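Here are my notes for you to read alongside the model. Keep the 3D view open and click along as you go.

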Amino acid sequence: MSIINYASKEIQFKIVYYGPALCGKTTNLSYIHSKIDPGNRGDLVSLATASDRTLFFDFLPLSAIVIKGFKTKFQLYTVPGQVIYNATRQLVLRSVDGIVFVADSQWDKMEENVEAFKNLEENLNKMNMSLDEMPYIIQYNKRDLPNVAPINYMEFLLNNRKKRVQSFEVISSTGQNVFSSLNVVSQLLLHKFNKASDAAQANSAPPQIAVV
């Protein structure tokens, strides 16, 4: 759920990077953080688990978009990949506005990719959210490795719903398509926010957003 801060004239959106363990979620955030001007981002914070990591940081985009007089600000999160930390995944997913699903392209990771995708849907459903109504995109990461599955096969496994979403071939270690995928999911959630805001105004009712 988007958060409007009237004092600072900002709207905050939450984007979660979701996927199996060691698929490249952390590498995505580390690359983005390294390329953003320090004056336009917060600190990169790592909340370590015993054998995995989840990260959090927030930043202001270089070319901040202004919506109805408010600057947009994005908070990016990753979830821990291991199933034993599912409670943490659910906590991180609370109030999410957009999702980047990061799949590992290696052949032997297909089962883990499918399980993580199903787990994402289940966790959203538990919070009365639907993936079909959520702005999200899919990354096929690690495309530089020699043992990767064909894209059309991964599309069949992970992007075969009634409504297919945009997907990207990504090499997060070099930054290939890291910002492209972030830009698209950002545009999708901003479009959804604008649509909801306009509908609320038309009905003379406040938009469904939290106010701080």
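1. Start with Tyr153, which sits in helix 4, residues 151–158. Helices here are DSSP runs of H or I with at least four residues, strands are runs of E with at least two, and both are numbered from the N terminus. Keep in mind that this is a predicted model, where local features need pLDDT of at least 70, side-chain atom pairs count only at pLDDT 80 or more, and totals for chains, interfaces and linings use all residues. Residues are numbered from 1 along each chain as its sequence is written, and side-chain values use heavy atoms, with hydrogens and water left out.

2. Buried means under 20%, exposed means over 50%, and partly exposed is in between (1.4 Å probe, protein chains only).

3. Met154, Glu155 and Leu158 are buried. They cover an arc of only 105° around the axis, so they end up on the same side of helix 4. That arc is taken from the directions from the helix axis to the C-beta atoms. As background, an α-helix has 3.6 residues a turn, so residues three or four places apart point the same way. On the face turned away from the buried side you'll find the exposed residues Asn152 and Phe156.

4. What covers the buried residues of helix 4? The cover includes strand 7 (98–104), helix 3 (110–126), strand 8 (136–141) and strand 9 (167–169); contact means heavy atoms within 4.5 Å.

5. Seven of its seven residues are buried, so strand 7 is largely enclosed by the rest of the structure. Gly98, Val100, Val102 and Asp104 are on one side, with Ile99, Phe101 and Ala103 on the other. In a regular strand the side chains alternate between the two faces of the sheet.

6. Next, the partners of strand 7. Strand 2 (residues 10–18) runs parallel to strand 7, joined by four bridges, and Val16 stands opposite Ile99. Strand 8 also pairs with strand 7 in the parallel sense, over six bridges; here Val100 stands opposite Ile137. Two strands count as paired if DSSP finds at least two bridges between them.

7. One last stop: Ile32 in helix 1, residues 25–35. Ile32 counts as buried because its relative accessibility is 0%.
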